[in-house]
Amino acid sequence: LPIALKTAVDFVLNYDLRRQFEAENADAARVRALVEQAQVGNVELQRDVLSYAIKGNFDRRLDRLVRSPDDVPWLAGTADLAEVVRSMGLEVNLWKTQNLCFQMLQSVVPERQAKAGQGDAAAAEWLPHFNKLCEQLGLKVNG
């Protein structure tokens, strides 16, 4: 691509990615598509800007999840988004997100495991999504 066009493409892809992470409900499929476009187009990601937006997004997502742990679609979307972010290879400071996830691992998961063991379908659906989220955030899940 001519340099002017490449600059425009880089700007638009980075802008679109940042807007996704600044949105209340980032779309993991859309983010994945943008990341793939960036890889194919050899787009230079604005690492600092995107890392900051991702951190804010995940902090908000986990705050909401702590308040509403039964929101399975929100949990699933958060886990999917975490998977996409991990594939981006950015260094993102997710200590708050990881701490909130760890707190849920200690306080919510045992109850969900017990309910799933008693045949509760909602708890059984919840656990794999939470385990995926923990895995993508680098937290070890036992069981």
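Is phenylalanine 130 buried or exposed?

Modeller: Happy to. Please keep in mind that this is a predicted model. Phenylalanine 130 is buried, because its relative accessible area is 0%, and the cut-off for that class is under 20%.

Phenylalanine 130 and tryptophan 126 both lie in helix 7, which covers residues 121–136. The two are four residues apart, about one turn of the helix. Tryptophan 126 counts as buried too, because its relative accessibility is 0%.

Now to the pairing itself. The whole structure holds two aromatic pairs. One of them joins phenylalanine 11 and tyrosine 15, with 6.1 Å from centre to centre and 15° between the planes, and that pair is stacked. Phenylalanine 11 and tyrosine 15 both belong to helix 1, again four residues apart, about one turn of the helix. In the pair formed by tryptophan 126 and phenylalanine 130, the ring centres are 4.9 Å apart and the planes meet at 10°, so this pair is stacked as well; the cut-off for stacking is under 30 degrees between planes.

Phenylalanine 11 counts as exposed because its relative accessibility is 53%, while tyrosine 15, at 34%, counts as partly exposed. Valine 12 also has its place in helix 1, which runs over residues 3–22. With a relative accessibility of 43%, valine 12 counts as partly exposed. Together, Phe11, Val12 and Tyr15 make a nonpolar surface patch of about 290 Å². In other words, both members of that stacked pair contribute to the patch.

Back at tryptophan 126, there is one further contact to look at. Arginine 112 lies over the face of the tryptophan 126 ring, at 4.7 Å from the ring centre. Tryptophan 126 therefore takes part in a stacked pair with phenylalanine 130 and has arginine 112 over its face.

Methods:
Residues numbered from 1 in each chain as written. Predicted model: local features only at pLDDT ≥ 70, side-chain atom pairs only at ≥ 80, totals over all residues. Heavy atoms only, no water. Patch = residues over 30% accessible without salt bridge, like charges linked within 9 Å, V, L, I, M, F, W, Y side chains within 5 Å. Areas by Shrake-Rupley, 256 points an atom, 1.4 Å probe, with all protein chains shown as cover. Salt bridge = Lys/Arg side-chain N within 4 Å of Asp/Glu carboxyl O. Buried < 20%, exposed > 50% of the residue type's maximum accessible area, 1.4 Å probe, protein only. Phe/Tyr/Trp six-rings, centres within 6.5 Å; stacked < 30°, edge-to-face > 60°. Lys NZ or Arg CZ within 6 Å of the ring centre and 35° of its normal.
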